[in-house]
Amino acid sequence: MVETLLKKILVPTDGSKYAEKSLNHALVIANASGAEIIALSVIENGFSLSLPANESLNDINDLLHDETKQNLKNVDRIKEESGLDVDISYKIEEGSPAKAILKVADEEDIDLIVIASSGKTGFDKIIMGSVADKVVNNAKCSVLLIR
(Lines give C-alpha, C1' and ligand atoms only; values in the text may rest on other atoms or scores of the structure.)
Protein backbone atom coordinates (compact mmCIF):
# COMPACT_ATOMS: atom_id res chain seq x y z
CA MET A 1 0.00 0.00 0.00
CA VAL A 2 1.34 3.43 -0.94
CA GLU A 3 1.37 6.04 1.80
CA THR A 4 -0.16 9.40 0.93
CA LEU A 5 2.63 11.92 0.44
CA LEU A 6 0.44 14.92 1.10
CA LYS A 7 -1.69 15.27 4.17
CA LYS A 8 -1.62 19.03 4.74
CA ILE A 9 -1.24 21.81 2.20
CA LEU A 10 -0.71 25.42 3.32
CA VAL A 11 -2.09 28.13 1.04
CA PRO A 12 -1.25 31.70 2.04
CA THR A 13 -3.74 34.23 0.69
CA ASP A 14 -3.75 38.00 0.47
CA GLY A 15 -6.94 38.16 -1.58
CA SER A 16 -5.10 38.90 -4.82
CA LYS A 17 -5.78 37.26 -8.17
CA TYR A 18 -2.39 35.56 -7.80
CA ALA A 19 -3.42 34.02 -4.48
CA GLU A 20 -6.69 32.84 -6.07
CA LYS A 21 -4.68 31.11 -8.79
CA SER A 22 -2.51 29.33 -6.21
CA LEU A 23 -5.63 28.27 -4.29
CA ASN A 24 -7.12 26.74 -7.44
CA HIS A 25 -3.95 24.69 -7.93
CA ALA A 26 -3.98 23.63 -4.27
CA LEU A 27 -7.63 22.56 -4.51
CA VAL A 28 -6.88 20.24 -7.43
CA ILE A 29 -3.84 18.77 -5.66
CA ALA A 30 -5.76 18.31 -2.40
CA ASN A 31 -8.68 16.70 -4.19
CA ALA A 32 -6.39 14.24 -5.96
CA SER A 33 -4.33 13.41 -2.86
CA GLY A 34 -6.96 13.62 -0.14
CA ALA A 35 -4.96 16.30 1.63
CA GLU A 36 -6.43 18.98 3.87
CA ILE A 37 -5.85 22.64 2.99
CA ILE A 38 -4.99 25.21 5.60
CA ALA A 39 -5.74 28.69 4.24
CA LEU A 40 -3.64 31.35 5.92
CA SER A 41 -4.11 35.10 5.84
CA VAL A 42 -1.52 37.29 7.53
CA ILE A 43 -2.19 40.69 9.02
CA GLU A 44 0.95 42.64 8.25
CA ASN A 45 0.88 45.28 10.98
CA GLY A 46 4.57 45.67 11.73
CA PHE A 47 4.44 49.37 10.92
CA SER A 48 2.07 49.96 13.82
CA LEU A 49 4.30 48.45 16.50
CA SER A 50 6.52 51.53 16.59
CA LEU A 51 3.66 54.04 16.72
CA PRO A 52 1.88 55.25 19.83
CA ALA A 53 -1.54 53.71 20.33
CA ASN A 54 -4.41 55.97 19.33
CA GLU A 55 -7.89 55.78 17.82
CA SER A 56 -6.68 56.12 14.21
CA LEU A 57 -4.24 53.25 14.68
CA ASN A 58 -7.02 51.11 16.14
CA ASP A 59 -9.15 51.93 13.08
CA ILE A 60 -6.33 50.81 10.78
CA ASN A 61 -5.90 47.56 12.70
CA ASP A 62 -9.67 46.95 12.49
CA LEU A 63 -9.54 47.49 8.71
CA LEU A 64 -6.61 45.05 8.42
CA HIS A 65 -8.53 42.41 10.40
CA ASP A 66 -11.63 42.93 8.24
CA GLU A 67 -9.57 42.57 5.05
CA THR A 68 -8.00 39.38 6.36
CA LYS A 69 -11.42 37.89 7.14
CA GLN A 70 -12.58 38.83 3.63
CA ASN A 71 -9.54 37.06 2.15
CA LEU A 72 -10.64 33.86 3.90
CA LYS A 73 -14.26 34.30 2.76
CA ASN A 74 -12.89 34.41 -0.80
CA VAL A 75 -11.34 30.99 -0.15
CA ASP A 76 -14.83 29.64 0.57
CA ARG A 77 -16.16 31.22 -2.62
CA ILE A 78 -13.37 29.74 -4.76
CA LYS A 79 -13.82 26.29 -3.20
CA GLU A 80 -17.57 26.47 -3.85
CA GLU A 81 -16.99 27.49 -7.47
CA SER A 82 -14.53 24.61 -7.97
CA GLY A 83 -17.09 22.00 -6.95
CA LEU A 84 -14.32 19.98 -5.29
CA ASP A 85 -14.81 18.21 -1.97
CA VAL A 86 -11.75 19.36 -0.02
CA ASP A 87 -11.43 19.99 3.71
CA ILE A 88 -10.24 23.53 4.44
CA SER A 89 -9.36 25.07 7.77
CA TYR A 90 -8.49 28.71 8.31
CA LYS A 91 -5.79 30.56 10.20
CA ILE A 92 -5.10 34.22 10.77
CA GLU A 93 -1.66 35.32 11.93
CA GLU A 94 -0.13 38.73 12.57
CA GLY A 95 3.34 39.92 11.62
CA SER A 96 5.73 39.44 8.76
CA PRO A 97 4.00 37.34 6.07
CA ALA A 98 7.03 35.16 5.31
CA LYS A 99 7.77 34.50 8.98
CA ALA A 100 4.10 33.73 9.69
CA ILE A 101 3.91 31.30 6.75
CA LEU A 102 7.05 29.48 7.86
CA LYS A 103 5.86 29.39 11.49
CA VAL A 104 2.48 27.90 10.56
CA ALA A 105 4.17 25.41 8.22
CA ASP A 106 6.29 24.16 11.12
CA GLU A 107 3.50 24.18 13.71
CA GLU A 108 1.02 22.39 11.47
CA ASP A 109 3.51 19.86 10.04
CA ILE A 110 2.73 21.02 6.50
CA ASP A 111 3.76 18.77 3.60
CA LEU A 112 3.40 21.36 0.82
CA ILE A 113 3.11 25.14 0.63
CA VAL A 114 1.38 26.43 -2.50
CA ILE A 115 2.23 30.10 -2.83
CA ALA A 116 1.78 32.72 -5.50
CA SER A 117 4.55 34.80 -6.97
CA SER A 118 3.32 38.32 -7.59
CA GLY A 119 6.35 39.16 -9.70
CA LYS A 120 7.64 41.96 -7.46
CA THR A 121 10.56 43.63 -9.17
CA GLY A 122 12.90 46.57 -8.92
CA PHE A 123 13.62 48.55 -5.77
CA ASP A 124 10.96 46.85 -3.62
CA LYS A 125 12.43 43.42 -4.30
CA ILE A 126 15.97 44.60 -3.55
CA ILE A 127 14.97 46.23 -0.27
CA MET A 128 12.28 43.86 1.00
CA GLY A 129 12.70 40.68 -0.97
CA SER A 130 9.55 38.85 -1.87
CA VAL A 131 7.50 36.77 0.51
CA ALA A 132 7.61 33.87 -1.93
CA ASP A 133 11.42 34.04 -2.18
CA LYS A 134 11.77 33.95 1.59
CA VAL A 135 9.38 31.00 1.85
CA VAL A 136 11.04 29.04 -0.97
CA ASN A 137 14.48 29.55 0.53
CA ASN A 138 13.57 28.80 4.16
CA ALA A 139 10.74 26.26 4.21
CA LYS A 140 11.47 22.79 5.55
CA CYS A 141 8.76 21.28 3.35
CA SER A 142 8.17 21.33 -0.39
CA VAL A 143 7.00 24.57 -1.95
CA LEU A 144 5.03 24.95 -5.17
CA LEU A 145 5.44 28.44 -6.61
CA ILE A 146 2.56 29.53 -8.87
CA ARG A 147 3.11 32.25 -11.47
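This is a predicted model: local features need pLDDT of at least 70, side-chain atom pairs count only at pLDDT 80 or more; totals for chains, interfaces and linings use all residues.
Reader: Got it! So which residues of H3 are buried?
Author: In helix H3, residues 97-107, the buried ones are Pro97, Ala98, Ala100, Ile101, Leu102, Val104 and Ala105.

Reader: And what covers them?
Author: The cover over the buried residues of H3 includes strands S1, S2, S3 (88-94) and S4, along with helix H5.

Reader: What about just after H3, what does Asp109 do there?
Author: Asp109 takes a positive phi there, of about 55°.

Reader: Which way do they point?
Author: Leu112, Val114 and Ala116 point one way from S4, while Ile113 and Ile115 point the other way. Both groups are buried.

Reader: Nice. Which strands does S4 pair with?
Author: One partner is S1 (residues 8-12), paired with S4 in the parallel sense over 2 bridges. Another is S5 (residues 142-146), also parallel to S4, over 5 bridges.

Reader: Okay, new topic: the largest nonpolar core. Which residues touch the most other members?
Author: That core has 18 residues, and Ile9, Val11, Leu27, Ile37, Ile88 and Val114 touch the most other members. Two or more residues come from each of S1, helix H1 (17-33), strand S2 (36-43), helix H2 (55-82) and S4. H1 gives the largest share, 4 residues.

Reader: What does Ile88 touch?
Author: Leaving out residues up to four places away in sequence, Ile88 touches Leu27, Ile37, Ala39, Val75 and Lys79.

Reader: And what's in the second core?
Author: The second core is separate and has 17 residues, among them Leu10, Ile101, Ile110 and Ala132.

Reader: Last one: where is Ser130?
Author: Ser130 is in the loop between helix H4 (122-128) and helix H5 (131-138).

Reader: Why does Ser130 count as buried?
Author: Its relative accessibility is 12%, and the cut-off for buried is under 20%, so Ser130 counts as buried.

Reader: What does its side chain reach?
Author: The side chain of Ser130 reaches the backbone nitrogen of Asp133, at 3.0 Å.

Key: Residues are numbered from 1 along each chain as its sequence is written. Side-chain values use heavy atoms; hydrogens and water are left out. Buried means under 20% relative accessible area, exposed over 50%, partly exposed in between (1.4 Å probe, protein chains only). A polar contact is a pair of N or O atoms within 3.5 Å; within protein, one must be able to donate a hydrogen and the other to accept it, and residues adjacent in sequence count only if both atoms are side-chain atoms. Two strands pair if DSSP finds at least two bridges between them. A nonpolar core is a set of buried Ala, Val, Leu, Ile, Met, Phe, Trp, Tyr and Cys residues joined through side-chain atoms within 4.5 Å. Contact means heavy atoms within 4.5 Å.
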